[in-house]
Amino acid sequence: MTTFAIAPEVLRDTISAALGDKLASIKVALGEVTVTVKADAYLEVMETLRDAPGCKFEQLIDICGMDYSAWRDTEWDGPRYCAVSHLLSVSLNQRVRVKVFCPDDDFPVIPSVMHIWNSANWFEREAFDLYGIVFDGHVDLRRILTDYGFIGHPFRKDFPLSGHVEMRYDEELKRVVYQPVTIEPREVTPRIIREENYGGLQ
């Protein structure tokens with residue numbers, strides 16, 4: 001288990017003092033600090049976390065998307081899409097998780113943090129590709145994992161598990177072709193076969 005120089009509760013208090021009313025919430029769980037911020041304060045918060053004396057999060061480790069539409073198989077009351085960032089302070093040996101929810105479920109947009117940490121480039125492209133979250137101000141926001149002609153965003157909860165199309169190499173045409181998915185839905189009910197007199201039963 002990784003140990004950090006500053007106790008999570010102390011870091012929570014330091015971040016709370018630095019961010020003030022820009023915080024939507026802040027909590028400590030499993031030894032980690034998670035900050036949720038308002039979308040309209042997102043850029044200012046991220047700059048503060050990078051520059052404030054008690055924070056100094058010089059490094060962006062990751063950004064990922066989340067779709068809360070079927071959160072833990074319950075009704076979710078709140079915005080559907082969220083971007084989650086993980087920040088590291090090398091100089092102060094501390095970490096924080098930052099969550100920001102997109103205000104509009106139909107067109108999820110939040111600002112890009114590429115000008116704050118250039119490592120955000122591919123992370124934001126991945127969240128855009130898989131979840132459809134648009135990062136306003138990103139200089140090259142295009143797909144990074146799926147094909148250029150791909151339709152939809154495969155990590156959204158309403159995206160079909162088998163997808164919409166499949167691709168294969170056509171020997172006659174000598175190129176890759178797309179066609180509707182030919183996978184049949186699987187039966188998920190377990191099939192149990194027992195021999196006669198199983199377990200001594202008649």
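Is Y169 buried, partly exposed or exposed? In this predicted model, in which local features need pLDDT of at least 70, side-chain atom pairs count only at pLDDT 80 or more, and totals for chains, interfaces and linings use all residues, Y169 is partly exposed, with a relative accessible area of 48%. Buried denotes a relative accessible area under 20%, exposed one over 50%, and partly exposed the range in between (1.4 Å probe, protein chains only). Residues are numbered from 1 along each chain as its sequence is written, and side-chain values use heavy atoms, with hydrogens and water left out.

Y169 lies in strand β8. Helices (H or I, at least four residues) and strands (E, at least two) are DSSP runs, numbered from the N terminus. Together with V165, M167, V176 and Y178, Y169 makes a nonpolar surface patch of about 510 Å². Two or more residues of the nonpolar patch come from each of β8 (165-170) and β9 (175-180), and the largest share, three residues, is that of β8. Patches consist of residues with over 30% relative accessible area and no salt bridge, with nonpolar side chains (Val, Leu, Ile, Met, Phe, Trp, Tyr) joined within 5 Å and like charges within 9 Å. A salt bridge is a side-chain nitrogen of Lys or Arg within 4 Å of a carboxyl oxygen of Asp or Glu. Accessible areas come from the Shrake-Rupley method with a 1.4 Å probe; for residues, only the protein chains shown count as cover.

The chain contains three helices and nine strands, arranged from the N terminus as α-β-β-α-β-β-β-β-α-β-β-β. Five strands form an open sheet of mixed pairing, in the order β1-β2-β5-β4-β3; strands pair if DSSP finds at least two bridges between them. β1 (23-29) and β3 (59-67) stand at the edges with a single partner strand each, so one side of each is left without a neighbour in the sheet. On average, neighbouring strands of this sheet are turned by 20 degrees against each other, direction ignored. The pairing of β1 with strand β2 (residues 32-37) is antiparallel and spans six bridges; V28 stands opposite V33 in β2.

Helix α2 (residues 42-51) lies across β2, β4 (81-89) and β5 (94-101), at about 15 degrees to β4. Helix α3 (residues 120-131) lies across β3 and β4 and runs at about 5 degrees to β3. Axes are lines fitted to C-alpha atoms, for helices over the stretch in contact, and angles run from 0 to 180 degrees between N-to-C directions; contact means heavy atoms within 4.5 Å.

Of the 202 residues of the chain, 34% count as buried.
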